[in-house]
Amino acid sequence: MSVMKMTKGFCLALAASACLASAPSALAETITVTDLAGRTVEVEKDPSAIVLGEGRMIYTLALLDRENPFERVVGWKNDMILYDPDAWRKYEEKFPEATDIQRLGSPYSDEWNLEAVISSGTEVVFMNLGNLLKAQESGIIEKLEEAGVATVFVDFRQDPTQNTVPSIQLLGRILDERDNADAFTDYYNAQMKRIYAAVDGIPTEDRPVVFIERAAGYNPNKCCGTFGSANLGRLVELAGGRNWGSQKFPGFGGNVSLEAVFADDPAVIIGTGANWAEANPETTAVLFGYEASKDGVQERLGALAERDGWSELQAVKSGRFHSIYHQFYNSPYHFVAMQAFAKWLHPELFEDLDPEATMAELHQRFLPIDYSGVFWASLNKGS
């Protein structure tokens, strides 16, 4: 087995000061699970102390630990605070104790405070599947195993349409929140299926070519990152489009030249954006999030459309220039993005689809925070 559960009295030679004085309760139940990396892991069921390898895992934890998604978290990376500050402030307002959680940095780098993880009584560390190789190369999995701390990999980014449901179910089992996991995955499946059947009947020639500009404007005057047939690129394909990046390279994503985009002149362009202004004050990205306004979004979206050469593209001229919340790419809420894509790509076919209502229902039924702000938009003609 990949992780052998030991008592918390076990002392790492490299962090003897972090040794805990007491062993776990004899009543604690240990379960065996298979994580999204295919690893067999022994982990304590219903742990009271967990560490998040990425702060944006709170998007998922909030679906399961709905009363207080931070209650078990003793350490995390500060990426949500830096790159999605609107969401952070929303949660911080409701759960002010979250400000006291240790910010540990990346678990795959030397900055990560392993001693703090162990001394906090951590029972399990959740990591992203996309960073499996980094975790293996850094040796962090073995170091945690020696300290009696389980590591479990989940995935909402590498292959979200395949791995979201098993990841939620895995977390629900470990956190002893299976009812909440079942309720959300049922809803997730129902929302995805609202698109699948209709898209199946669309001929290839009626599926527009879509270029996704990843983090559009994050670094001004720098273009372009995009997705292959994965993540948001996969969502475009499932929503009835032909993803431009899938035709150019295999794999998750990559960088392409602006000249290549202009030469092909794709029918639809979708950028991604988020409130990166605090992490990068020079950004010209669309600042989507819980604090965004429609006017502010249109101003930023219009500026992106007016970059040198962009206004001559058919997507801009025909009003098929859009942008969407970047964080959907690493979130179990990506079905909302897929519904927005379907609405943009085939408005007549999906006339009755309302992603705004879906987003509101998601918050009302499953999340401890209320819905506000702006998370996607189309360029208004004349803006």
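Predicted model: local features only at pLDDT ≥ 70, side-chain atom pairs only at ≥ 80, totals over all residues.
**Entry 1: the open sheet**

I began with the strand order. Five strands make up an open sheet, and I read them off as S5-S4-S3-S6-S7, with parallel pairing. I then looked for the edges: strand S5 (102-103) and strand S7 (150-154) each pair on one side only.

Strand S3 (residues 50-52) pairs with strand S4 (residues 73-76) over three bridges, in the parallel sense. For a handy landmark I noted Val51, which stands opposite Gly75 in S4.

**Entry 2: a helix over the sheet**

Which strands does helix H7 lie across? I found helix H7 (residues 160-174) across strand S6 (124-128) and S7. Relative to S7, the helix runs at about 150°.

**Entry 3: H7 against H8**

I stayed with H7 and turned to its packing against another helix. Two packed helices are described by the angle between their axes and the distance between the axes. I looked up both values here: the axes of H7 and helix H8 (residues 178-200) come within 8 Å and cross at roughly 165°. Angles over 145 degrees count as roughly antiparallel, and therefore H7 and H8 are roughly antiparallel to each other. I also wrote down the handedness, as H7 passes H8 in a left-handed crossing.

Then I listed who touches whom. On the H7 side the contact includes Pro160, Thr164, Ile168 and Gly172. On the H8 side I noted, among them, Ala181, Phe184, Tyr188 and Met192.

**Entry 4: salt bridges**

Side chains of opposite charge can pair when their charged atoms come close. How many salt bridges does the structure hold? I have 17 in my notes.

I followed Arg56 closely. Its side chain meets that of Glu54 in a salt bridge at 3.6 Å, N to O, and both Glu54 and Arg56 are buried. Arg56 also forms a salt bridge with Asp79, at 2.9 Å, N to O. This second pair links distant parts of the chain, 23 residues apart: Arg56 sits in the loop between S3 and helix H1 (58-64), and Asp79 in helix H2 (residues 79-83). Asp79 is buried, as is Arg56. Putting the partners together, I noted a salt-bridge network that links Glu54, Arg56, Asp79 and Arg157.

I then picked out Lys90 and Asp370, whose side chains meet in a salt bridge at 3.3 Å, N to O. The two are 280 residues apart, with Lys90 in helix H3 (residues 85-94) and Asp370 in the loop between helix H14 (355-366) and strand S14 (376-378). Is Lys90 buried or exposed? Its relative accessible area is 15%; buried means under 20%, so Lys90 counts as buried.

**Entry 5: strand S12**

My last stop was strand S12 (residues 268-273), where six of the six residues are buried. In a regular strand the side chains alternate between the two faces of the sheet. I checked each face of S12 and found both covered: Val268, Ile270 and Thr272 are buried on one side, and Ile269, Gly271 and Gly273 on the other.

For its neighbours, I noted four bridges that join S12 to strand S8 (residues 209-213), running parallel. Here Val210 stands opposite Val268 in S12. Five bridges join S12 to strand S13 (residues 321-325), also parallel. There I marked Tyr325 in S13 as the bridge partner of Gly273.

Note on methods. Residues numbered from 1 in each chain as written. Heavy atoms only, no water. Pairing = 2+ DSSP bridges. Contact = heavy atoms within 4.5 Å. Axes fitted to C-alpha atoms, helices over the stretch in contact; angles between N-to-C directions. Salt bridge = Lys/Arg side-chain N within 4 Å of Asp/Glu carboxyl O. Buried < 20%, exposed > 50% of the residue type's maximum accessible area, 1.4 Å probe, protein only. Parallel < 35°, antiparallel > 145°, perpendicular 65-115°, else oblique. Left-handed = near helix turned anticlockwise from the far one by under 90°.
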